[in-house]
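Work through the following exercises with the sequence and the 3D structure open. Each task is followed by a solution in steps.

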Amino acid sequence: MERIDARGQACPLPVVRAKKALAAMGEGVLEVLVDNETAVHNLEALGKTLKVEASGEERGASTFAVTFAKGAASVAAAAAQDAACPAVQATPTGGVVAVIPSEFMGSGDDELGAVLMKGFVFALTQLDELPETVLMYNGGVKLACAGSSSLDDLRALAEAGVEVMSCGTCLNHYGLAEQLEVGEATNMYVIVEKQANARGIVRP
């Protein structure tokens, strides 16, 4: 069994290290140690993406372990995925990605900025071609949390098949991890990967 001690390492390093280790190994078991539940969720999501069985467990105070079991089937699936989807496509094959880095649109007056941002999110729901993904980070994650005036519009996007993703580190920073109402928490590796492979990026 291979082991990576990623405790104390900031997002997205645990995911990046695990992804590289899984790519380099054949069949076998990889254990990754982390110190927070957000990292556990990010690693489990990586396993799902790579079609590798992954399970997390708490090992004590501020210690969690995520175990990846890579069998013959997952080796073949990972090889096929790497051939079809390199980290950065020479010709992007993803759809349009909407990137929301703040709860306000523009700068100058936050009250006006909040009104403009609400209008921006609503406008996304009215596009003839919906974005493939909506990425939110920093203050933008507040839009997907309880009390946001944009929840109904984000729910409409999610119900239409749009990926709605909020930065897990940002949710934790603002104390909002338990208040996420729409979509899922993600990590910086996925945020960068989605933008790198996007056909187009829309920003407020």
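Patches are made of residues with over 30% relative accessible area and no salt bridge, and nonpolar side chains are joined within 5 Å. The model used here is predicted.

**Exercise 1. A surface patch**

Find which residues make the nonpolar surface patch of about 270 Å², and state whether valine 115 is buried or exposed.

Solution.
1. Leu112, Val115 and Leu116 make the patch.
2. Valine 115 is located in helix H4, which covers residues 110-125.
3. The relative accessible area of valine 115 is 55%. Exposed means over 50%, so valine 115 is exposed.

**Exercise 2. The four-stranded sheet**

Give the strand order of the open sheet, and explain why one side of S1 and of S3 is left without a neighbour.

Solution.
1. The order is S1-S2-S4-S3, with mixed pairing.
2. Strands S1 (2-5) and S3 (53-60) stand at the edges and have a single partner strand each, so one side of each lacks a neighbour in the sheet.
3. On average, neighbouring strands of this sheet are turned by 20° against each other, direction ignored.
4. S3 pairs with S4 (residues 63-70) in the antiparallel sense, over seven bridges. Glutamate 53 stands opposite alanine 69 of S4.

**Exercise 3. Helices across the sheet**

Determine which strands helix H1 and helix H2 lie across.

Solution.
1. Helix H1 (residues 13-24) lies across S1, S2 and S4, and runs at about 170° to S2.
2. Helix H2 (residues 37-50) lies across S2, S3 and S4, and runs at about 5° to S4.

**Exercise 4. Salt bridges**

State how many salt bridges the structure holds, then examine the partners of arginine 155.

Solution.
1. There are nine salt bridges in the structure.
2. Arginine 155 meets aspartate 152 at 3.5 Å, N to O. Both residues lie in helix H5, three residues apart, or about one turn of the helix.
3. Arginine 155 also forms a salt bridge with glutamate 181, with the closest N and O atoms 3.4 Å apart. This pair links distant parts of the chain: glutamate 181 sits in the loop between helix H6 and strand S8, 26 residues from arginine 155.
4. Aspartate 152 counts as exposed at 60% relative accessibility, arginine 155 as partly exposed at 30%, and glutamate 181 as partly exposed at 41%.

Definitions and conventions. Residues numbered from 1 in each chain as written. Predicted model: local features only at pLDDT ≥ 70, side-chain atom pairs only at ≥ 80, totals over all residues. Heavy atoms only, no water. Patch = residues over 30% accessible without salt bridge, like charges linked within 9 Å, V, L, I, M, F, W, Y side chains within 5 Å. Areas by Shrake-Rupley, 256 points an atom, 1.4 Å probe, with all protein chains shown as cover. Salt bridge = Lys/Arg side-chain N within 4 Å of Asp/Glu carboxyl O. Helix = DSSP H or I, 4+ residues; strand = E, 2+ residues; numbered from the N terminus. Buried < 20%, exposed > 50% of the residue type's maximum accessible area, 1.4 Å probe, protein only. Pairing = 2+ DSSP bridges. Axes fitted to C-alpha atoms, helices over the stretch in contact; angles between N-to-C directions. Contact = heavy atoms within 4.5 Å.
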